[in-house]
Amino acid sequence: MERPAPSVQQPWRRASRLRKQPPNAGAAGSHERSPTVAQGEAHLIDGKAVSARVLEEVAAAARDLVARGVRPGLAVVLVGEDPASQVYVGAKGRAAESCGFHSVQHTLDAATSQSDLTALVEKLNADPAIHGILVQLPLPAHIDSSLVLETISPAKDVDGFHPVNAGLLAIGETGRALVPCTPAGSMILLHEAAKALGLKLSGMDAVVVGRSNIVGKPMAQLLLAESCTVTIAHSRTRDLPAVVGRADIVVAAVGRPEMIEGAWIKPGAIVIDVGINRVPGEGLGKNGKPKTRLVGDVAFEAARQRAGAITPVPGGVGPMTIAMLMKNTLTAAQRMAR
Ligand code: GUN
């Protein structure tokens, strides 16, 4: 287990979270530290509890909308029989129903043509009972995913993947955009962490590891909107440990199990782990097959010894994604009901 050396650790580890760090407590021992970042036992950010709260708020607001004659409607489109996609789509439908939404699922054959799929999307665009459309990814290889996503009306694009929504986010018009669910949920957890630690996000150094259109880039935009100083690191970044070691906020979204080492984390930093990776576990399960377990992109046990706050995997960012999908569907319905 990676811990700072006891001589460094003892004077400040049990000190108040808000106290300044000692001069030699950096990740690699040489980085500048922000006086805004404090040190203490890592606060665990409970994504399950926060997502349950979001879902309750969405359900309450949906009841208000229904009383005004509008029931939020979510259509989820699944092409093919990918088992993981089937699980995700099922969970989205159940969450929509639990929020009191009108929920429909369209399951299409894996051989569905591009034109049949876009025709369905256009039909959903024109359907007044549907406020949110989600086409589950990945799509079969013969389908151009970008073209399908661009067919979705930006006002119904509850994934926030349409270039119009990406553009609105990039110009800081978050109030008019539909924001991708995982980064939006990560931001709520980040605010929870900052509140628990008594910190302000403004001016903090944030490093997003991963540059995907779905997580890395929108996450960077949201952090920028909170006046963080944002770095996007990726597979070609030189000296990633040093880049991560400077960050007051680390968002890990690379999809590589436990790639971010605990020793890289600056003491007191907030760590948001977006990764959900299945890796071999120990021994055999009841079915006789080797056990597996879920881990994030961050080496959790080591990182929690240094971080000020950290999201666990599972139970951190994961549950927030579906909750934010419901929130986006509600938002889309509220905007259309105006
Ligand atoms: N596949 C995995 N995650 C997602 C997601 O957030 N949205 C869509 N549409 N497909 C996915």
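**Exercise 1.** In what order do the six strands of the open sheet stand, and is the pairing parallel or antiparallel?

*Solution.* The model is a predicted one. Read across the open sheet, the strand order is E1-E11-E8-E7-E5-E6. The pairing is parallel. Next, look at the edges: strand E1 (43–44) and strand E6 (229–233) stand there, each with a single partner strand, so one side of each has no neighbour in the sheet.

**Exercise 2.** Find the pairing of strand E8 with strand E11, and state which residue Val 271 stands opposite.

*Solution.* Strand E8 covers residues 270–273 and strand E11 residues 309–310. They pair in the parallel sense over two bridges. Val 271 stands opposite Ile 310 in E11.

**Exercise 3.** Name the strands that helices H7 and H8 lie across.

*Solution.* H7 lies across E1, strand E7 (249–252), E8 and E11, and runs at about 155° to E8. Helix H8 (residues 216–225) lies across strand E5 (205–209), E6 and E7, at about 170° to E6.

**Exercise 4.** Describe how helix H7 packs on helix H11.

*Solution.* Helix H7 (residues 181–197) and helix H11 (residues 318–337) have axes 8 Å apart, at an angle of about 105°. Angles of 65 to 115 degrees count as roughly perpendicular, and H7 and H11 are therefore roughly perpendicular to each other. The contact includes Cys 181 and Leu 189 of H7 and Met 320 and Asn 328 of H11. By class, it has eight nonpolar, five polar and no charged residues.

**Exercise 5.** Which residues are around the ligand?

*Solution.* They are Leu 134, Val 135, Gln 136, Leu 137, Asp 159 and Cys 181. This shell divides into four nonpolar, one polar and one charged residue.

Technical notes: Residues are numbered from 1 along each chain as its sequence is written. This is a predicted model: local features need pLDDT of at least 70, side-chain atom pairs count only at pLDDT 80 or more; totals for chains, interfaces and linings use all residues. Axes are lines fitted to C-alpha atoms, for helices over the stretch in contact, and angles run from 0 to 180 degrees between N-to-C directions. Helices (H or I, at least four residues) and strands (E, at least two) are DSSP runs, numbered from the N terminus. Angles under 35 degrees count as roughly parallel, over 145 as roughly antiparallel, 65 to 115 as roughly perpendicular and the rest as oblique. Two residues are in contact if their C-beta atoms, placed from the backbone, lie within 7 Å. Ala, Val, Leu, Ile, Met, Phe, Trp, Tyr, Cys and Pro count as nonpolar, Asp, Glu, Lys and Arg as charged, and the others, Gly among them, as polar. A residue is near a molecule or strand if its C-beta atom, placed from the backbone, lies within 6 Å of it. Two strands pair if DSSP finds at least two bridges between them.
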